[in-house]
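Here is a friendly note to read beside the model. Take the points in order, and keep the viewer open as you go.

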Amino acid sequence: MDNKKWITGISLGFCIVLSGASAHAAEYCDDKVDTISLKKCAMEDYKLEEDKINRVYQKLRAILSPKDKQRLKTAQLAWIDFRIKDCDFQTGWETGTIGPLMSIGCETSHTEDRRKVLEERLKSEREFGYSN
């Protein structure tokens, strides 16, 4: 295997893994091999996931009781703190140009997971109205 194919394969692999394996990342990163482009790709996916979680959070907040709104806010702030600390733990040993990519990928993955949790709660609230 020649070096260009190997580098392209590795770069695409990193992009897909670091971005939570989204279709957007795979498409965007398809021909990217340099660190700057890979970081841009990872940041785009992170921003997309942040936008998604913020929309779900606002929808959920809109239908919760005042008491549950406060609980949600408290939980979300604790989760943000956890995400930062956990990604620092998971990627803090990385140095050089790969470190920031690993960190962005970690935060994207955590954000996607948290969004799914909030979506499930939103679905439950809509179906069963737990926080009347």
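1. Let's start at one side chain. Isoleucine 80 has a relative accessible area of 31%, so it counts as partly exposed; buried means under 20%, exposed over 50%, and partly exposed in between, with a 1.4 Å probe and protein chains only. Isoleucine 80 sits in helix H4. Together with Leu77 and Ile84, Ile80 forms a nonpolar patch on the surface, and the accessible area of the three together is about 250 Å². A patch takes residues with over 30% relative accessible area and no salt bridge, joining like charges within 9 Å and nonpolar side chains (Val, Leu, Ile, Met, Phe, Trp, Tyr) within 5 Å. The accessible areas come from the Shrake-Rupley method with a 1.4 Å probe, and for residues only the protein chains shown count as cover.

2. A word on what you are viewing. This is a predicted model, in which local features need pLDDT of at least 70 and side-chain atom pairs count only at pLDDT 80 or more, while totals for chains, interfaces and linings use all residues. Residues are numbered from 1 along each chain as its sequence is written, and side-chain values use heavy atoms, with hydrogens and water left out.

3. Now the overall layout. The protein has five helices and zero strands, giving the pattern α-α-α-α-α along the sequence. Helices (H or I, at least four residues) and strands (E, at least two) are DSSP runs, numbered from the N terminus. Of the 132 residues in the protein, 35% are buried.

4. Next, look for charge pairs. Side chains of opposite charge can pair when their charged atoms come close. How many salt bridges does a search of the whole structure find? The search finds nine, where a salt bridge is a side-chain nitrogen of Lys or Arg within 4 Å of a carboxyl oxygen of Asp or Glu.

5. One of these pairs is glutamate 50 with arginine 83, whose closest N and O atoms are 2.7 Å apart. Glutamate 50 belongs to helix H3 and arginine 83 to helix H4, so this pair ties together parts that are 33 residues apart in sequence. Is arginine 83 buried or exposed? Arginine 83 counts as buried because its relative accessibility is 6%. Glutamate 50 is buried too, with a relative accessible area of 18%. The side chain of arginine 83 also makes a polar contact with the side chain of threonine 111, at 2.7 Å. A polar contact is a pair of N or O atoms within 3.5 Å; within protein, one must be able to donate a hydrogen and the other to accept it, and residues adjacent in sequence count only if both atoms are side-chain atoms.

6. Arginine 121 and aspartate 68 form another salt bridge, with the closest N and O atoms 3.7 Å apart. Arginine 121 is in helix H5 (residues 98-128) and aspartate 68 in helix H4, so the pair ties together parts that are 53 residues apart in sequence. Aspartate 68 is buried at a relative accessible area of 11%, whereas arginine 121 is partly exposed at 34%.

7. A pair within one helix comes next. Aspartate 81 forms a salt bridge with lysine 85, their closest N and O atoms being 3.0 Å apart. The two are four residues apart in helix H4, which means that about one helical turn separates them. Aspartate 81 is partly exposed, with a relative accessible area of 36%, and lysine 85 is exposed, with 53%. Elsewhere, salt bridges that share partners join Asp68, Arg71, Arg121 and Glu125 into one network.

8. Please also find the positive patch on the surface, where Lys52, Arg55, Lys59 and Arg126 gather. Lys and Arg count as positive and Asp and Glu as negative, with His and the chain ends not counted; a charge is placed at NZ of Lys, CZ of Arg, CG of Asp or CD of Glu. Which helix gives the largest share of the positive patch? Helix H3 (residues 35-63) does, with three residues. Lysine 59 lies in helix H3 and is partly exposed, at 46% relative accessibility.

9. Finally, two spots to check by eye. Isoleucine 63, in helix H3, is 59 residues along the chain from leucine 122, with 8.5 Å between their C-alpha atoms. Leucine 101, in helix H5, is buried with a relative accessible area of 4%.
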